[in-house]
Amino acid sequence: MTARTMFDRIWEAHVVAEEEGEILLYVDRALIHEGSSHAFAALKRRGQKVARPHQVFAFTDHYVPTSGRDRGIAGIAVDEIRNMVIAQHENTKLHGIRLFGFDDPAQGILHIVPPEQGITQPGMLICGADSHTSTHGAFGSIAFGIGASDMTHVLATQATWQRKPKTLRITVDGELGFGVAPKDIILAVIAKIGAAGGVGHAIEYAGSTFRRMSMEGRMTVCNMSIEAGARCGMIAPDDTTFAYLDGRPWAPKRGVEWDAAMALWQSLPSDAGAEFDREVMLDAAQIEPMVTWGVNPEMAGAVGGSVPDPKNAPDERRRSDWAMALDYMGLKAGMALQDIRIDRVFIGSCTNSRIEDIRAAAEVAKRGKAVVPAWVVPGSQTVKRQAEAEGLDRILTTAGFEWRDPGCSLCTAINGDQLKPGERCASTSNRNFRNRQGPGGRTHLVSPAMAAAAAIKGHFADVREILK
Ligand code: SF4
(Lines give C-alpha, C1' and ligand atoms only; values in the text may rest on other atoms or scores of the structure.)
Protein backbone atom coordinates (compact mmCIF):
# COMPACT_ATOMS: atom_id res chain seq x y z
CA MET A 1 0.00 0.00 0.00
CA THR A 2 1.30 3.47 -0.84
CA ALA A 3 2.43 5.50 2.15
CA ARG A 4 0.12 8.48 2.58
CA THR A 5 0.43 11.87 4.22
CA MET A 6 -1.99 12.97 6.92
CA PHE A 7 -3.15 15.73 4.59
CA ASP A 8 -4.02 13.27 1.79
CA ARG A 9 -5.77 10.95 4.20
CA ILE A 10 -8.07 13.67 5.58
CA TRP A 11 -8.59 15.33 2.18
CA GLU A 12 -9.62 12.07 0.49
CA ALA A 13 -12.04 11.27 3.31
CA HIS A 14 -13.88 14.53 2.56
CA VAL A 15 -14.15 14.39 -1.25
CA VAL A 16 -17.76 14.55 -2.43
CA ALA A 17 -17.27 15.25 -6.16
CA GLU A 18 -14.71 16.44 -8.73
CA GLU A 19 -15.19 18.74 -11.71
CA GLU A 20 -12.48 20.17 -13.97
CA GLY A 21 -9.76 20.02 -11.30
CA GLU A 22 -11.95 21.49 -8.58
CA ILE A 23 -12.92 19.23 -5.72
CA LEU A 24 -16.10 19.48 -3.68
CA LEU A 25 -15.22 18.79 -0.05
CA TYR A 26 -17.54 18.01 2.85
CA VAL A 27 -17.16 20.53 5.68
CA ASP A 28 -17.34 19.24 9.28
CA ARG A 29 -17.31 22.65 10.93
CA ALA A 30 -17.94 26.19 9.68
CA LEU A 31 -16.84 29.11 11.86
CA ILE A 32 -18.28 32.58 11.35
CA HIS A 33 -18.12 36.00 13.04
CA GLU A 34 -20.04 39.30 13.02
CA GLY A 35 -18.79 40.07 9.50
CA SER A 36 -20.70 37.06 8.10
CA SER A 37 -23.92 39.11 7.82
CA HIS A 38 -23.36 39.27 4.02
CA ALA A 39 -23.59 35.49 3.81
CA PHE A 40 -26.90 35.50 5.69
CA ALA A 41 -28.21 38.32 3.47
CA ALA A 42 -27.28 36.25 0.37
CA LEU A 43 -29.10 33.21 1.78
CA LYS A 44 -32.16 35.35 2.41
CA ARG A 45 -32.14 36.75 -1.15
CA ARG A 46 -31.98 33.21 -2.54
CA GLY A 47 -34.58 31.87 -0.14
CA GLN A 48 -32.07 29.32 1.21
CA LYS A 49 -31.60 27.94 4.71
CA VAL A 50 -28.43 26.92 6.53
CA ALA A 51 -28.04 23.25 5.57
CA ARG A 52 -26.53 21.91 8.81
CA PRO A 53 -26.82 24.55 11.54
CA HIS A 54 -25.46 22.21 14.23
CA GLN A 55 -22.12 22.16 12.34
CA VAL A 56 -21.88 25.96 12.18
CA PHE A 57 -20.55 28.00 15.11
CA ALA A 58 -20.66 31.78 15.42
CA PHE A 59 -18.44 34.10 17.46
CA THR A 60 -18.62 37.75 18.47
CA ASP A 61 -15.00 38.79 18.22
CA HIS A 62 -13.89 41.00 15.31
CA TYR A 63 -15.97 44.08 16.05
CA VAL A 64 -16.75 43.71 19.73
CA PRO A 65 -15.34 46.39 22.09
CA THR A 66 -12.72 45.20 24.60
CA SER A 67 -13.74 47.63 27.35
CA GLY A 68 -17.02 48.99 28.74
CA ARG A 69 -18.77 45.66 28.17
CA ASP A 70 -20.70 45.96 31.45
CA ARG A 71 -23.07 48.35 29.62
CA GLY A 72 -24.25 45.45 27.41
CA ILE A 73 -24.89 45.48 23.66
CA ALA A 74 -26.91 48.69 24.04
CA GLY A 75 -23.73 50.31 25.41
CA ILE A 76 -21.69 49.72 22.22
CA ALA A 77 -20.91 53.30 21.24
CA VAL A 78 -20.61 52.90 17.45
CA ASP A 79 -24.04 52.42 15.79
CA GLU A 80 -22.64 50.32 12.94
CA ILE A 81 -20.88 47.89 15.29
CA ARG A 82 -23.87 47.66 17.64
CA ASN A 83 -26.11 46.86 14.67
CA MET A 84 -23.71 44.16 13.43
CA VAL A 85 -23.70 42.48 16.84
CA ILE A 86 -27.51 42.64 17.01
CA ALA A 87 -27.81 41.30 13.43
CA GLN A 88 -25.51 38.39 14.33
CA HIS A 89 -27.70 37.48 17.30
CA GLU A 90 -30.82 37.62 15.09
CA ASN A 91 -29.33 35.66 12.17
CA THR A 92 -27.93 32.87 14.31
CA LYS A 93 -31.19 32.59 16.26
CA LEU A 94 -33.20 32.46 13.03
CA HIS A 95 -31.02 29.66 11.61
CA GLY A 96 -30.51 27.73 14.86
CA ILE A 97 -26.73 28.27 15.00
CA ARG A 98 -24.80 28.13 18.28
CA LEU A 99 -23.54 31.63 18.95
CA PHE A 100 -20.75 32.40 21.40
CA GLY A 101 -22.10 35.92 21.57
CA PHE A 102 -21.55 39.17 23.40
CA ASP A 103 -22.81 37.94 26.80
CA ASP A 104 -21.82 34.28 26.52
CA PRO A 105 -19.58 33.02 29.35
CA ALA A 106 -17.41 31.34 26.67
CA GLN A 107 -17.32 34.33 24.24
CA GLY A 108 -14.05 34.85 22.44
CA ILE A 109 -12.11 34.66 19.18
CA LEU A 110 -13.20 32.08 16.59
CA HIS A 111 -9.78 30.41 16.68
CA ILE A 112 -9.57 30.35 20.47
CA VAL A 113 -13.04 29.14 21.51
CA PRO A 114 -13.55 26.05 19.27
CA PRO A 115 -10.39 24.31 20.55
CA GLU A 116 -11.17 25.10 24.18
CA GLN A 117 -14.75 23.85 23.71
CA GLY A 118 -13.64 20.64 21.92
CA ILE A 119 -15.40 21.76 18.72
CA THR A 120 -12.11 21.43 16.83
CA GLN A 121 -11.10 17.76 16.52
CA PRO A 122 -8.53 15.68 14.62
CA GLY A 123 -9.45 14.50 11.12
CA MET A 124 -11.99 17.26 10.53
CA LEU A 125 -12.25 19.65 7.61
CA ILE A 126 -12.91 23.12 9.00
CA CYS A 127 -13.69 26.34 7.13
CA GLY A 128 -13.69 29.73 8.78
CA ALA A 129 -14.54 33.26 7.77
CA ASP A 130 -11.01 34.36 8.66
CA SER A 131 -7.69 33.40 7.10
CA HIS A 132 -6.15 32.32 10.41
CA THR A 133 -8.50 29.32 10.51
CA SER A 134 -5.23 27.45 9.87
CA THR A 135 -4.90 27.53 13.70
CA HIS A 136 -7.18 24.48 14.00
CA GLY A 137 -4.71 22.37 12.04
CA ALA A 138 -2.81 22.05 15.33
CA PHE A 139 -5.24 19.20 16.12
CA GLY A 140 -4.50 17.27 12.91
CA SER A 141 -7.34 18.74 10.89
CA ILE A 142 -7.45 20.48 7.50
CA ALA A 143 -8.53 24.01 8.34
CA PHE A 144 -8.53 27.08 6.10
CA GLY A 145 -10.15 30.46 5.67
CA ILE A 146 -12.67 31.22 2.94
CA GLY A 147 -14.25 34.40 1.57
CA ALA A 148 -17.84 35.60 1.96
CA SER A 149 -19.25 33.99 -1.19
CA ASP A 150 -17.58 30.65 -0.40
CA MET A 151 -19.00 30.86 3.13
CA THR A 152 -22.48 31.42 1.70
CA HIS A 153 -22.00 28.20 -0.30
CA VAL A 154 -20.83 26.34 2.81
CA LEU A 155 -23.79 27.57 4.86
CA ALA A 156 -26.21 26.50 2.11
CA THR A 157 -24.62 23.11 1.31
CA GLN A 158 -22.07 22.17 4.05
CA ALA A 159 -19.52 21.69 1.27
CA THR A 160 -16.87 23.79 -0.46
CA TRP A 161 -15.17 23.74 -3.89
CA GLN A 162 -11.36 23.81 -3.61
CA ARG A 163 -8.22 22.99 -5.59
CA LYS A 164 -5.92 20.49 -3.95
CA PRO A 165 -2.68 22.08 -2.68
CA LYS A 166 0.72 20.42 -2.73
CA THR A 167 2.32 19.25 0.51
CA LEU A 168 5.25 20.82 2.34
CA ARG A 169 6.76 19.23 5.45
CA ILE A 170 8.61 21.55 7.81
CA THR A 171 10.66 19.58 10.30
CA VAL A 172 12.07 21.25 13.41
CA ASP A 173 14.12 19.03 15.67
CA GLY A 174 15.74 19.62 19.03
CA GLU A 175 15.13 21.47 22.27
CA LEU A 176 14.08 25.10 22.20
CA GLY A 177 16.51 27.43 23.95
CA PHE A 178 15.66 29.25 27.19
CA GLY A 179 13.27 32.17 26.53
CA VAL A 180 12.43 30.97 23.00
CA ALA A 181 8.70 30.56 22.28
CA PRO A 182 6.56 28.85 19.59
CA LYS A 183 6.02 32.34 18.10
CA ASP A 184 9.78 32.60 17.55
CA ILE A 185 9.76 29.25 15.74
CA ILE A 186 7.09 30.28 13.27
CA LEU A 187 8.70 33.70 12.71
CA ALA A 188 12.02 31.91 12.07
CA VAL A 189 10.28 29.49 9.66
CA ILE A 190 8.72 32.38 7.70
CA ALA A 191 11.99 34.32 7.69
CA LYS A 192 13.60 31.22 6.15
CA ILE A 193 11.02 30.22 3.53
CA GLY A 194 9.62 33.69 2.86
CA ALA A 195 6.13 35.23 3.09
CA ALA A 196 5.28 33.42 -0.16
CA GLY A 197 7.26 30.28 0.70
CA GLY A 198 4.16 28.20 1.36
CA VAL A 199 1.97 29.40 -1.51
CA GLY A 200 -0.03 26.56 -3.04
CA HIS A 201 0.93 24.18 -0.22
CA ALA A 202 -0.50 22.54 2.85
CA ILE A 203 2.17 22.49 5.55
CA GLU A 204 2.71 19.63 7.96
CA TYR A 205 4.92 20.59 10.92
CA ALA A 206 6.91 17.58 12.08
CA GLY A 207 9.86 16.81 14.32
CA SER A 208 10.70 16.47 17.99
CA THR A 209 10.24 20.19 18.75
CA PHE A 210 6.53 20.05 17.86
CA ARG A 211 6.05 16.68 19.52
CA ARG A 212 7.24 18.23 22.80
CA MET A 213 5.12 21.37 22.32
CA SER A 214 1.83 22.08 24.14
CA MET A 215 -1.41 22.46 22.18
CA GLU A 216 -1.28 26.21 22.84
CA GLY A 217 2.14 26.42 21.20
CA ARG A 218 1.06 24.23 18.27
CA MET A 219 -1.89 26.54 17.68
CA THR A 220 0.42 29.58 17.58
CA VAL A 221 2.56 27.85 14.95
CA CYS A 222 -0.32 26.64 12.74
CA ASN A 223 -2.05 30.03 13.07
CA MET A 224 0.73 31.76 11.14
CA SER A 225 0.95 29.20 8.31
CA ILE A 226 -1.11 31.62 6.27
CA GLU A 227 1.62 34.26 6.77
CA ALA A 228 3.90 32.02 4.72
CA GLY A 229 1.17 31.95 2.07
CA ALA A 230 0.19 28.33 2.81
CA ARG A 231 -3.39 27.10 2.46
CA CYS A 232 -3.21 25.46 5.87
CA GLY A 233 -0.85 24.08 8.49
CA MET A 234 -1.21 20.92 10.52
CA ILE A 235 0.43 18.82 13.22
CA ALA A 236 -0.21 15.11 13.75
CA PRO A 237 -2.48 14.39 16.73
CA ASP A 238 -0.81 12.57 19.62
CA ASP A 239 -1.24 12.00 23.36
CA THR A 240 -0.89 15.76 23.97
CA THR A 241 -3.83 16.38 21.60
CA PHE A 242 -5.99 13.64 23.10
CA ALA A 243 -5.32 14.79 26.69
CA TYR A 244 -6.22 18.37 25.70
CA LEU A 245 -9.57 17.28 24.20
CA ASP A 246 -10.60 14.85 26.92
CA GLY A 247 -13.58 16.22 28.87
CA ARG A 248 -14.20 19.35 26.76
CA PRO A 249 -17.90 20.13 26.14
CA TRP A 250 -18.09 19.19 22.41
CA ALA A 251 -15.43 16.46 22.48
CA PRO A 252 -16.54 12.81 22.26
CA LYS A 253 -17.59 11.48 25.67
CA ARG A 254 -15.55 8.78 27.40
CA GLY A 255 -16.77 5.30 26.47
CA VAL A 256 -17.86 4.02 23.06
CA GLU A 257 -17.87 7.51 21.52
CA TRP A 258 -14.35 8.31 22.73
CA ASP A 259 -12.98 4.90 21.71
CA ALA A 260 -14.35 5.28 18.17
CA ALA A 261 -12.90 8.78 17.91
CA MET A 262 -9.51 7.57 19.17
CA ALA A 263 -9.45 4.78 16.60
CA LEU A 264 -9.87 7.38 13.84
CA TRP A 265 -7.56 9.98 15.38
CA GLN A 266 -4.71 7.51 15.88
CA SER A 267 -4.94 6.44 12.24
CA LEU A 268 -4.37 9.98 10.92
CA PRO A 269 -0.60 10.69 11.14
CA SER A 270 1.43 10.49 7.94
CA ASP A 271 2.84 7.03 7.24
CA ALA A 272 6.57 6.51 7.60
CA GLY A 273 7.92 6.95 4.09
CA ALA A 274 5.08 9.24 2.94
CA GLU A 275 6.37 11.64 0.32
CA PHE A 276 5.89 15.38 0.46
CA ASP A 277 6.22 17.71 -2.54
CA ARG A 278 8.75 19.79 -0.57
CA GLU A 279 10.76 19.48 2.63
CA VAL A 280 12.31 22.19 4.83
CA MET A 281 14.33 21.57 7.99
CA LEU A 282 15.33 23.79 10.90
CA ASP A 283 17.38 23.18 14.02
CA ALA A 284 15.48 24.38 17.12
CA ALA A 285 18.73 25.16 18.93
CA GLN A 286 19.54 27.84 16.34
CA ILE A 287 16.27 29.74 16.90
CA GLU A 288 16.38 32.87 19.08
CA PRO A 289 13.71 35.33 20.27
CA MET A 290 12.58 37.14 17.12
CA VAL A 291 11.44 40.67 16.22
CA THR A 292 10.00 41.74 12.86
CA TRP A 293 11.37 45.00 11.48
CA GLY A 294 9.38 45.30 8.23
CA VAL A 295 5.91 45.09 6.73
CA ASN A 296 5.49 41.35 6.32
CA PRO A 297 6.37 38.54 8.74
CA GLU A 298 9.32 37.43 6.58
CA MET A 299 11.11 40.67 7.50
CA ALA A 300 12.28 39.40 10.88
CA GLY A 301 15.52 38.84 12.77
CA ALA A 302 16.88 37.57 16.07
CA VAL A 303 16.62 40.14 18.87
CA GLY A 304 20.40 40.47 19.09
CA GLY A 305 20.61 41.52 15.44
CA SER A 306 20.10 44.74 13.55
CA VAL A 307 17.86 46.23 10.89
CA PRO A 308 19.27 45.02 7.57
CA ASP A 309 20.62 47.31 4.89
CA PRO A 310 18.64 47.10 1.62
CA LYS A 311 22.01 47.30 -0.18
CA ASN A 312 22.72 43.81 1.14
CA ALA A 313 19.40 42.29 0.00
CA PRO A 314 19.84 39.08 -2.01
CA ASP A 315 17.99 40.39 -5.09
CA GLU A 316 16.55 43.54 -6.69
CA ARG A 317 12.96 42.83 -5.63
CA ARG A 318 13.92 42.50 -1.98
CA ARG A 319 16.24 45.54 -2.20
CA SER A 320 13.27 47.65 -3.14
CA ASP A 321 10.84 45.91 -0.70
CA TRP A 322 13.25 46.39 2.20
CA ALA A 323 13.85 50.07 1.37
CA MET A 324 10.10 50.76 1.21
CA ALA A 325 9.56 48.81 4.44
CA LEU A 326 12.22 50.80 6.33
CA ASP A 327 10.70 54.01 5.03
CA TYR A 328 7.21 53.05 6.27
CA MET A 329 8.54 51.73 9.58
CA GLY A 330 10.71 54.83 10.17
CA LEU A 331 13.85 52.73 10.75
CA LYS A 332 17.49 53.16 9.74
CA ALA A 333 19.50 50.36 8.19
CA GLY A 334 22.07 48.99 10.61
CA MET A 335 20.41 50.11 13.84
CA ALA A 336 20.23 47.46 16.58
CA LEU A 337 16.76 45.95 16.95
CA GLN A 338 17.07 46.57 20.68
CA ASP A 339 17.48 50.31 20.05
CA ILE A 340 14.01 50.55 18.50
CA ARG A 341 11.81 52.45 20.96
CA ILE A 342 8.13 51.57 21.04
CA ASP A 343 5.00 53.58 21.85
CA ARG A 344 2.74 50.77 22.99
CA VAL A 345 2.28 47.04 23.41
CA PHE A 346 -0.51 44.65 22.42
CA ILE A 347 -0.64 41.16 23.91
CA GLY A 348 -3.58 39.38 22.31
CA SER A 349 -5.02 37.98 19.02
CA CYS A 350 -5.72 34.40 17.96
CA THR A 351 -1.95 33.88 17.68
CA ASN A 352 -1.06 34.63 21.30
CA SER A 353 -3.93 35.18 23.74
CA ARG A 354 -4.18 31.75 25.34
CA ILE A 355 -3.46 30.99 28.97
CA GLU A 356 0.19 30.06 28.34
CA ASP A 357 0.69 33.38 26.54
CA ILE A 358 -0.74 35.35 29.46
CA ARG A 359 1.42 33.35 31.88
CA ALA A 360 4.54 34.09 29.82
CA ALA A 361 3.74 37.81 29.75
CA ALA A 362 3.02 37.89 33.50
CA GLU A 363 6.32 36.13 34.26
CA VAL A 364 8.16 39.02 32.61
CA ALA A 365 5.81 41.71 33.96
CA LYS A 366 6.73 40.61 37.52
CA ARG A 367 10.18 42.00 36.88
CA GLY A 368 9.31 45.61 36.16
CA LYS A 369 6.72 48.28 35.33
CA ALA A 370 5.30 49.09 31.93
CA VAL A 371 6.70 52.40 30.72
CA VAL A 372 4.38 52.59 27.68
CA PRO A 373 0.64 51.78 27.37
CA ALA A 374 0.41 47.98 27.30
CA TRP A 375 -2.81 46.09 26.67
CA VAL A 376 -3.48 42.47 27.48
CA VAL A 377 -6.57 41.16 25.66
CA PRO A 378 -7.37 37.53 26.54
CA GLY A 379 -8.63 35.40 23.65
CA SER A 380 -11.80 34.28 25.41
CA GLN A 381 -13.81 34.65 28.59
CA THR A 382 -12.54 31.19 29.53
CA VAL A 383 -8.92 32.34 29.26
CA LYS A 384 -9.81 35.52 31.15
CA ARG A 385 -11.40 33.63 34.04
CA GLN A 386 -8.52 31.16 34.26
CA ALA A 387 -5.93 33.95 34.23
CA GLU A 388 -7.85 35.76 36.97
CA ALA A 389 -8.07 32.56 39.03
CA GLU A 390 -4.28 32.26 38.74
CA GLY A 391 -3.81 35.91 39.77
CA LEU A 392 -2.18 36.82 36.43
CA ASP A 393 -4.43 39.84 35.92
CA ARG A 394 -3.24 41.28 39.25
CA ILE A 395 0.42 40.71 38.36
CA LEU A 396 -0.12 42.47 35.05
CA THR A 397 -2.18 45.38 36.34
CA THR A 398 0.24 45.90 39.25
CA ALA A 399 2.96 46.21 36.61
CA GLY A 400 0.89 48.86 34.81
CA PHE A 401 -0.58 46.68 32.03
CA GLU A 402 -4.25 47.13 31.07
CA TRP A 403 -6.45 44.02 31.42
CA ARG A 404 -9.28 44.06 28.86
CA ASP A 405 -12.21 41.97 27.61
CA PRO A 406 -11.82 39.28 24.90
CA GLY A 407 -11.88 40.06 21.18
CA CYS A 408 -9.66 40.60 18.14
CA SER A 409 -8.97 44.19 19.20
CA LEU A 410 -5.68 45.65 17.95
CA CYS A 411 -4.92 42.65 15.74
CA THR A 412 -7.07 44.05 12.99
CA ALA A 413 -8.25 47.35 14.48
CA ILE A 414 -11.80 47.24 13.17
CA ASN A 415 -13.52 47.60 16.55
CA GLY A 416 -12.05 51.04 17.22
CA ASP A 417 -8.95 49.77 19.09
CA GLN A 418 -6.21 51.15 16.87
CA LEU A 419 -2.79 52.81 16.68
CA LYS A 420 -2.41 56.48 15.85
CA PRO A 421 -0.52 57.30 12.63
CA GLY A 422 3.20 56.76 13.21
CA GLU A 423 2.69 54.90 16.51
CA ARG A 424 5.00 51.92 16.96
CA CYS A 425 3.61 48.78 18.60
CA ALA A 426 5.23 45.59 19.89
CA SER A 427 2.43 43.15 19.08
CA THR A 428 1.83 39.44 19.58
CA SER A 429 -0.56 39.33 16.60
CA ASN A 430 0.19 37.78 13.22
CA ARG A 431 0.32 40.56 10.60
CA ASN A 432 2.66 43.52 10.44
CA PHE A 433 1.25 44.79 7.13
CA ARG A 434 1.03 48.53 6.51
CA ASN A 435 -2.00 50.05 8.30
CA ARG A 436 -3.00 46.69 9.84
CA GLN A 437 -3.29 48.11 13.37
CA GLY A 438 -4.63 51.47 12.20
CA PRO A 439 -3.74 53.92 9.40
CA GLY A 440 -0.02 54.71 9.54
CA GLY A 441 0.53 52.38 12.50
CA ARG A 442 3.85 50.50 12.74
CA THR A 443 3.71 46.89 13.91
CA HIS A 444 6.53 44.68 15.16
CA LEU A 445 5.59 41.03 15.74
CA VAL A 446 7.02 39.30 18.81
CA SER A 447 6.19 36.58 21.34
CA PRO A 448 4.16 37.43 24.49
CA ALA A 449 7.28 37.37 26.69
CA MET A 450 9.15 39.64 24.24
CA ALA A 451 6.16 42.02 24.13
CA ALA A 452 6.09 42.23 27.93
CA ALA A 453 9.87 42.81 27.92
CA ALA A 454 9.41 45.68 25.46
CA ALA A 455 6.67 47.13 27.68
CA ILE A 456 8.89 47.34 30.77
CA LYS A 457 11.92 48.61 28.85
CA GLY A 458 10.24 50.95 26.34
CA HIS A 459 12.30 49.35 23.57
CA PHE A 460 12.91 45.82 22.29
CA ALA A 461 14.97 43.79 24.71
CA ASP A 462 16.25 40.25 24.95
CA VAL A 463 13.78 38.52 27.24
CA ARG A 464 16.46 35.96 28.16
CA GLU A 465 18.40 38.73 29.92
CA ILE A 466 15.31 39.79 31.87
CA LEU A 467 14.32 36.27 32.90
CA LYS A 468 17.82 35.22 33.90
S1 SF4 B 1 -7.32 37.99 16.16
FE2 SF4 B 1 -6.83 38.85 14.15
S3 SF4 B 1 -6.27 37.15 12.80
FE4 SF4 B 1 -7.27 36.33 14.64
S5 SF4 B 1 -9.40 36.06 14.07
FE6 SF4 B 1 -9.22 38.07 15.00
S7 SF4 B 1 -8.80 39.49 13.31
FE8 SF4 B 1 -8.47 37.40 12.53
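**Close-up views of the predicted model**

**View 1. The five-stranded parallel sheet.** Five strands make up a further open sheet, in the order β5-β4-β3-β6-β7 and with parallel pairing. Its edges are taken by β5 (98-100) and β7 (142-145), each of which has a single partner strand, so that one side of each is left without a neighbour in the sheet. Neighbouring strands of this sheet are turned against each other by 20 degrees on average, direction ignored. Strand β3 (residues 29-33) and strand β6 (residues 125-128) run parallel and are joined by three bridges, and the bridge partner of arginine 29 in β6 is isoleucine 126.

**View 2. The shell around the ligand.** Of the 14 residues around the ligand, those that come nearest are Ser349, Cys350, Cys408, Cys411 and Thr412. By residue class, the shell consists of five nonpolar, seven polar and two charged residues. Both domain 1 (6-162) and domain 3 (290-467) contribute to this shell, with at least three residues drawn from each.

**View 3. The contact between domain 1 and domain 3.** The protein chain is divided into domain 1 (6-162), domain 2 (166-286) and domain 3 (290-467). The centres of domain 1 and domain 3, taken over C-alpha atoms, are separated by 28 Å, and the contact takes 21 residues from domain 1 and 21 residues from domain 3. On the side of domain 1 that touches domain 3, the residues divide into 10 nonpolar, eight polar and three charged.

**View 4. The setting of these views in the whole chain.** The secondary structure of the protein chain amounts to 16 helices and 19 strands. With a radius of gyration of 21 Å, close to the 23 Å that the globule rule gives for 468 residues, the protein chain is therefore as compact as a globular protein of that length. The C-alpha trace spans about 55 × 55 × 45 Å along its principal axes.

Technical notes
Residues numbered from 1 in each chain as written. Predicted model: local features only at pLDDT ≥ 70, side-chain atom pairs only at ≥ 80, totals over all residues. Near = placed C-beta within 6 Å. Nonpolar A, V, L, I, M, F, W, Y, C, P; charged D, E, K, R; others polar. Domains from an automatic or database assignment. Contact = placed C-beta atoms within 7 Å. Helix = DSSP H or I, 4+ residues; strand = E, 2+ residues; numbered from the N terminus. Rg over C-alpha atoms; globule rule 2.2 N^0.38 Å. Pairing = 2+ DSSP bridges. Axes fitted to C-alpha atoms, helices over the stretch in contact; angles between N-to-C directions.
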